[in-house]
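This report walks through one structure, step by step. Keep the sequence and the model side by side as you read.

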Amino acid sequence: MTKITAAITAVGGYVPQFVLTNKMLEDMVETNDEWITTRTGIKERRVLKKEEGEGTSYLAIQAANKLLEKGNVNPEEIDLVVVATATPDSMVASTAAFVASEIGAVNAFAYDLLAACSSFLFGMSSVASQIESGRYKKVLLIGADKMSSIIDYTDRTTCIIFGDGAGAVLFEPNTEGLGLQDEYLRADGKGRQFLGMEGGGSLMPATEETVKDKKHYIFQDGKTVFKFAVSNMADVAERIMKRNDLTDTDVAWLVPHQANKRIIDATANRMGLDRSKVMMNIQKYGNTTSATLPLLLNDYENQLKKGDNLVFAAFGGGFTWGSIYLKWAYGL
């Protein structure tokens, strides 16, 4: 039998209209443009305002509709919709189910996947397995987050980093040897003490006290998270290359999570890659959490060629991290 692999056949992306610049943040917290740029590489980020739309689902729907339009995809042919997100619309009702209904994917089942900044990466593994099983032919994976909904804009350790956005990819079966080739995914639950959100879950349900104490905003121990992210993202990217006998000349693109330019640079250095092979849009969007990887694919789509070797790498709260090797399936 011919081996079935899961290949990306279409992409779409969406970022909100409102641009929050470093200069604007100077009026909100004790910081400045030079400090933010030097330490993170971020110049601006997007924020979803109520007058434009509400909730992570709004972002996901916009990205999905752009994919459907650009790829001339009939939503009724989609078998499964997965929304990778750290900021679902609500804690009970599935955001993915609502998104699927709104885009017309009436024949699909749907679920959310939460693994912080690694959500989309882990989602790639999950939906690829669905395709490889032979049971599903068209699977829509969306990475979307409205990080502004869980950011304290008086906390300079987090408000300078995160932005809102969404990206979508369509996975379909491939018999040419293209698509997802290998993965190395990891997790360490001890990491949640350094990056997370204390309030709102079953451990700390919402009360007047938790709201007053700002427990429903994201927190992070910046130095610890940076240290873990630098070493682990670089390690898994290097490991996936060695395991597949890839050299720096074999890799067309590194597709790294956009958390911090210094982390991205460290990963590229470990892989021996020239900066011309590193996808980067952190300067425009900041860290959009689950949306960073698909937004990169959307921004760089016109530069991708059929057969290109892509190495994805991400690191997120929890801790979660990993790398995926994928061969691009369309283009020149």
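## A sheet and its helices

Helix 11 (residues 292-300) lies across strand 11 and strand 12, and runs at about 140° to strand 11. Angles run from 0 to 180 degrees between N-to-C directions, with axes as lines fitted to C-alpha atoms, for helices over the stretch in contact. Contact means heavy atoms within 4.5 Å. Helices (H or I, at least four residues) and strands (E, at least two) are DSSP runs, numbered from the N terminus.

This is a predicted model: local features need pLDDT of at least 70, side-chain atom pairs count only at pLDDT 80 or more, and totals for chains, interfaces and linings use all residues. Residues are numbered from 1 along each chain as its sequence is written, and side-chain values use heavy atoms, with hydrogens and water left out.

The sheet is open and has four strands, in the order 8-13-12-11, with mixed pairing. Strand 8 (179-187) and strand 11 are its edge strands, each pairing on one side only. From one strand to the next, the twist averages 15°. Helix 9 packs on this sheet and touches strand 11 and strand 12; its direction makes about 145° with that of strand 11. Two strands pair if DSSP finds at least two bridges between them.

Strand 11 (residues 253-256) and strand 12 (residues 309-316) run parallel, joined by four bridges. Val255 stands opposite Phe312 in strand 12. In a regular strand the side chains alternate between the two faces of the sheet. In strand 11, Trp253 and Val255 point one way, Leu254 and Pro256 the other, and all are buried. Buried means under 20% relative accessible area, exposed over 50%, and partly exposed in between (1.4 Å probe, protein chains only).

## Helix 9 from end to end

Asn260 caps the N-terminal end of helix 9, with a side-chain oxygen 2.7 Å from the backbone nitrogen of Arg262. Which residues of helix 9 (residues 261-271) are buried? They are Ile263, Ile264, Asp265, Thr267, Ala268 and Met271. These buried residues pack against helix 8 (222-243), strand 11 and strand 12. Just after helix 9 comes Gly272, with a positive phi of about 75°.

## Salt bridges

Side chains of opposite charge can pair when their charged atoms come close. A salt bridge is a side-chain nitrogen of Lys or Arg within 4 Å of a carboxyl oxygen of Asp or Glu. The whole structure holds 14 of them. Here are some.

| Pair | N to O distance |
|---|---|
| Glu26 and Lys23 | 3.9 Å |
| Lys43 and Asp33 | 3.0 Å |
| Glu238 and Lys242 | 3.8 Å |

Take Lys43 and Asp33. This pair links distant parts of the chain, 10 residues apart: Lys43 sits in the loop between helix 2 and strand 3 (44-47), and Asp33 in helix 2. Asp33 is buried, at 19% relative accessible area, while Lys43 is partly exposed, at 36%. Helix 2 covers residues 33-40. Beyond its neighbours within four places in sequence, Asp33 is in contact with Asn22, Lys23, Glu26 and Lys43.

Glu26 and Lys23 lie three residues apart in helix 1 (residues 22-26), so about one helical turn separates them. Glu26 is partly exposed, at 28%. Lys23 is exposed, at 53%.

Glu238 and Lys242 are four residues apart in helix 8, again about one helical turn. Lys242 is exposed, at 59% relative accessibility. Salt bridges that share partners join Glu238, Lys242 and Arg270 into one network.

Notes:
Polar contact = N/O pair within 3.5 Å; in protein donor to acceptor, adjacent residues only side chain to side chain.
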